[in-house]
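Welcome! Please take a moment to look over the sequence and the 3D view before reading on.

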Amino acid sequence: MGKKGPIMKEIIAYFDKISEVDTTGVEPMVQPVFDGANKLRDDVVTNGDRRDELMESAPVLEGEYYRVPRSI
């Protein structure tokens, strides 16, 4: 069992200790701080379409795709 045994026992003991806390009246939550609205940033494109610029660096192109050597 080595060192893992005592560490696992400590973890289980910690969870046992936490389960002793009285949570009567506490509603389950997904986040510890939640004011009723998700705080998400706007979905905005910031770097634009650089496809043509990036394709210029390819040594070989086949249509709109990079051409690479067969590996199998």
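Here is a short tour of salt bridges and of one tyrosine.

This is a predicted model, in which local features need pLDDT of at least 70, side-chain atom pairs count only at pLDDT 80 or more, and totals for chains, interfaces and linings use all residues. Residues are numbered from 1 along each chain as its sequence is written, and side-chain values use heavy atoms, with hydrogens and water left out.

**Salt bridges**

- Searching the whole structure turns up two salt bridges (a side-chain nitrogen of Lys or Arg within 4 Å of a carboxyl oxygen of Asp or Glu).
- One of them joins Arg-50 to Glu-53, with 3.4 Å between the closest N and O atoms.
- Arg-50 is partly exposed at 39% relative accessible area, and Glu-53 is partly exposed at 47% (buried means under 20%, exposed over 50%, partly exposed in between, with a 1.4 Å probe and protein chains only).
- Another links the side chains of Arg-67 and Glu-62, at 2.3 Å from N to O.
- Here Arg-67 is partly exposed, with a relative accessible area of 48%, and Glu-62 is partly exposed, with 44%.

- You will find Tyr-65 in strand S2, residues 65-66 (strands are DSSP runs of E, at least two residues, numbered from the N terminus).
- Tyr-65 counts as exposed, at 59% relative accessibility.
- Setting aside neighbours within four places in sequence, Tyr-65 is in contact with Met-55 and Val-60 (contact means heavy atoms within 4.5 Å).
- Met-55 sits 10 residues from Tyr-65 in sequence, and their C-alpha atoms are 8.2 Å apart in space.

Note on methods: Helix = DSSP H or I, 4+ residues; strand = E, 2+ residues; numbered from the N terminus.
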